[in-house]
Amino acid sequence: MQPFVHETHGARVVFGGGARQFLPRELEQLGMHRVLVLTTPEQVELGQQIAGILEERCVGVYAKAVMHVPADVARSAIDTARTLGADGCVAAGGGSTIGLAKAIALESDLPIIALPTTYAGSEMTPLYGITDAGLKKAGRDWRVMPRGVIYDPELTLTLPVALSMTSGMNAIAHAAEALYARDGNPIYSLMAEEGIRALAGALPRLRRASADIDARSDALYGAWLCGTVLGNVQMGVHHKLCHTLGGSFNLPHAEVHTVILPYALAYNADAAPQAMVRIAKALGRESGPAGLRELGESLAAPRSLREIGMPADGLDRAADLVVETPYPNPRRIERGPILELLQRAYEGAELA
Ligand code: NAD
C-alpha cells in the first residue's frame, strides 16, 4: 500500500426519514437562535415548512436561490441576513441553495445547517462558487462547509424523476474521479466505491417507483459518500469538462455530468486501470465507462451534449478552455483527444 495522509473535517450528520423534525435540537447544539432559511423560488413551500418547524428561531425565508450563485443574489442574501440579525443559515435545497448559504458564510462566517434535497453533494464540501459578469469564481474554504447536515430522504420525494436520475449520476461522477485522484487514499476509495454501489442500485428502483422511500434513502446515503469524497480529493478531467461546459455554455449541471462521465472515463481508462476495475465492480458491470453508459441509458438519461443545448460551434472553445487550465488527471490533457472526446459526447457517439 502507498503511504497516505487522511484528514477529516467533520459535519454532524443526522440521517433518516423525517429527520427534519430534529432541526431545533441541531440548531441548539450549534448555538444558533436566529436563522435565515434559504431555498429556491420553486421550493418556497419547503422553506415555509422548515420555518414552521423552527418557529421563533426562524427570522425569515429567503427563497431566491438560483443556479451558479449570481453575485447580485449573494449580495442581497448577505444584506438580508444582516438586516434580520441572523446568526446562521438553514439551507433547504440542492446545490444552488447550499451554494447561496456558502456565499453568505464566506463573507459573514455565519454557520450553515444543510437539508439537501438533491444528490449533488455540496453539503459535504468546502467548495464554493459565485458567478459575476458570466464568470464563475470558485474556491475552497473550510469556513463554508456546513456545520450540520440533516439527510431526510422524505425531502427528496418531490425531486422529479428525470432530475433524480441525472443528479444521481452527478454524485457517481464525484466518486468515479476520486478513485483515480492523485491525493486519494484507501479510506476515500472505500467511500467512493460504496457511494457508486448505493446509487447504481437505487436509481433503477427510483425510476420504477419514485416514491420508494427505501430507494430514496439508499440514494441519499450514496450521495453523502460521493459528496464527502468530492470535498476531500482533487477531481480530474471529467469535472474540468463539466465546469467548463456548465460555466461557459450555461448547460444544466446534473445533465452535463451525466452525458460526459462515460466519455471522460473512457479517456482515462488506460491510465487508471485499477480505478476502472473498482468502478465496474461497484456498478456490478463488466466495464466502468461502458457500464455507466448502460446505466444512463437504462435510466433514460440524456446521452448527448446536443440534446442538452450545447452549440456545435462551441466545442473548439470548450477544448481550449479545458487545456488552458487543466485539473490534475491520470492521463495528460491534450487538445486533440479532448476535442475528440467533446465531439463524441456532442453526438452521443460510441465511446472511443
Ligand atoms: P439545484 O439546486 O440547482 O436544483 C435544481 C432544481 O430542482 C431547482 O429548481 C430546485 O428548486 C429543484 N429541486 C431541488 N430539489 C428538489 C426537490 N427535492 N423537490 C423538488 N424540486 C427540487 O440542483 P443541483 O444539481 O443540486 O445543484 C447544482 C448547483 O450546485 C450548480 O451550480 C453546481 O455548480 C453546484 N454544486 C456545487 C457543489 C459544491 O461542492 N460546491 C457540488 C455540487 C453542485
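1. R197 and E194 form a salt bridge, with their closest N and O atoms 2.8 Å apart; the term means a side-chain nitrogen of Lys or Arg within 4 Å of a carboxyl oxygen of Asp or Glu. Because the two lie 3 residues apart in helix 6, about one helical turn separates them. R197 is partly exposed at 43% relative accessible area, and E194 is partly exposed at 23%. Here buried means under 20% relative accessible area, exposed over 50%, and partly exposed in between (1.4 Å probe, protein chains only).

2. This is a predicted model, in which local features need pLDDT of at least 70, side-chain atom pairs count only at pLDDT 80 or more, and totals for chains, interfaces and linings use all residues. Residues are numbered from 1 along each chain as its sequence is written, and side-chain values use heavy atoms, leaving out hydrogens and water.

3. The count of salt bridges comes to 20. One of them joins R20 and E154 (2.9 Å, N to O). This pair links distant parts of the chain, 134 residues apart: R20 sits in the loop between strand 1 (12–15) and helix 1 (23–29), E154 in the loop between strand 8 and helix 5. Helices (H or I, at least four residues) and strands (E, at least two) are DSSP runs, numbered from the N terminus. R20 is buried at 17% relative accessible area, whereas E154 is partly exposed at 33%. Elsewhere, R75, D79, R82 and E107 are linked in a salt-bridge network.

4. In strand 2 (residues 35–38), V35 and V37 point one way and L36 and L38 the other, and all are buried. Strand 2 pairs in the parallel sense with strand 3 (residues 58–62) over 4 bridges; pairing requires at least two DSSP bridges between the strands. L38 stands opposite Y62 in strand 3. Strand 2 also pairs in the parallel sense with strand 4 (residues 88–93) over 4 bridges, where G88 is the bridge partner of V35.

5. The largest nonpolar core has 45 residues, of which Y119, I172, I196, L265, I279, L292 and L295 touch the most other members. Such a core is a set of buried Ala, Val, Leu, Ile, Met, Phe, Trp, Tyr and Cys residues joined through side-chain atoms within 4.5 Å. Among the elements giving two or more residues to this core are helix 6 (186–208) and helix 9 (253–268).

6. I279 touches A176, L179, I196, L265, G288 and L292, not counting residues up to four places away in sequence; contact means heavy atoms within 4.5 Å. A second, separate core of 27 residues includes Y62, A91, A103 and A114.
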